[in-house]
Amino acid sequence: MIGGERVALVHDRLEQNGGAERVLWALHSMFPGAPIYTPIWNREAVPGFDGCDVRTTWMQHLPGIGKMPRLYAALYPLAFAGLRLEGYDLVISLTSSFAQGIQTKGSGLHVCYCHSPANFVWRPQAYFLNPVARAVVAPLRLWLKTWDRWAAKQPDIYIATGHSVADRVKSFYHRDASIIAPPVDRKWFTRHKSDDFYLVAARLVPHKRLELAIKACGRLGLPLVVVGSGRSETRLRKMAGSKVRFAGYIPDDELRELYSRARAVLVPSEEEFGLVALEAQAAGTPVIAFDRGGATETVVDGVTGIRFSPQTADGLVEAIARFEEHSWDRTAIQENAARFDEIRFQREFLSLIERHTPQPATYSLGAGRA
């Protein structure tokens, strides 16, 4: 039997609120007694895990790590390799970088839920848009790639968020991965209220390609609300016109309200999965997304939104024009989001665990977040 006291969760780092953290919470809701191991935890940026048994490493005390966590990229593998998680029946690592490198010494089942092999290691052209930046980090990438190949051998089972991630796991790690899509929390389901503006919700970092949304809406004279924070904010503000409003980081209840009032949510980046697209659809709001990665599995072209290519401002302008020609069935949009609900996620996850454990797991489904 797998109980909360015999389960451990391992997370890359708790320093931002994003899709990975939403999945971590979904798993913590399934195993509320499980400790969460992570190299660092920025309590101010991620307060939602207050009251949980979060166990950090020596990296928590490094100077400036709360503000510049990526500055210490070379040290995360050492932190994970130093963790010894003997005595657990089940260890679940959630990663888009290095959490899979923890060692269980064969004492329990190690399941790795992979959002993607580290893009800055394996797909630098998608992560570093500047060729100079790619060249500067090349020596670090060489060391991290060597370590990551070793770390990829540690899990007993790989789970990928979708088909594109499963393909990367196979290509980079030479491991097969089952597919279990992340869950969309029931709290995002609400009535669509109006079509007041276009909306983007993402970290303000280069590979999210938010400049495409700003340029496209600027050319068309459309109002745009930008939700999120990050190191690209100054650059994005400089290119934004008077119809662009930067809302910064906002709590989930305010974001749900914006989803319900948006004409469409724009996703100009290639997402490994992209919970924003599903959260928007839960509010009956269609999505205009770059036609690659997770969008190919979450956005039904012409039914729940528009998928566009190429990944340019011109491509997005054309997609918005196509979008404006459609009428949208709010019920169909919400039904698509409902396919990815928490109960489905819990059942699929526990079913996979049961197939790989000598005794079945027991858990009362549907606890969710209070």
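The exercises below treat the sheets and helix contacts of a predicted model.

Residues are numbered from 1 along each chain as its sequence is written. In this predicted model, local features need pLDDT of at least 70 and side-chain atom pairs count only at pLDDT 80 or more, while totals for chains, interfaces and linings use all residues; side-chain values use heavy atoms, with hydrogens and water left out.

**Exercise 1.** State the strand order of the open sheet of 6 strands and find its edge strands.

*Solution.* Helices (H or I, at least four residues) and strands (E, at least two) are DSSP runs numbered from the N terminus. Two strands pair if DSSP finds at least two bridges between them.
- Step 1: the order is E10-E9-E8-E11-E12-E13, and the pairing is parallel.
- Step 2: E10 (244-248) and E13 (305-308) are the edge strands, pairing on one side only.
- Step 3: E9 (residues 224-227) runs parallel to E10 and is joined to E10 by 4 bridges; Val225 stands opposite Arg245 in E10.

**Exercise 2.** Classify the packing of H11 (residues 275-282) against H14 (residues 330-338).

*Solution.* Axes are lines fitted to C-alpha atoms, for helices over the stretch in contact, and angles run from 0 to 180 degrees between N-to-C directions.
- Step 1: the two axes come within 7 Å and cross at roughly 135°.
- Step 2: H11 is therefore oblique to H14 (under 35 degrees is roughly parallel, over 145 roughly antiparallel, 65 to 115 roughly perpendicular, the rest oblique).
- Step 3: Leu278, Gln281 and Ala282 in H11 are in contact (heavy atoms within 4.5 Å) with Ile333, Gln334, Asn336 and Ala337 in H14.
- Step 4: these contact residues divide into 4 nonpolar, 3 polar and no charged (Ala, Val, Leu, Ile, Met, Phe, Trp, Tyr, Cys and Pro count as nonpolar, Asp, Glu, Lys and Arg as charged, the others, Gly among them, as polar).
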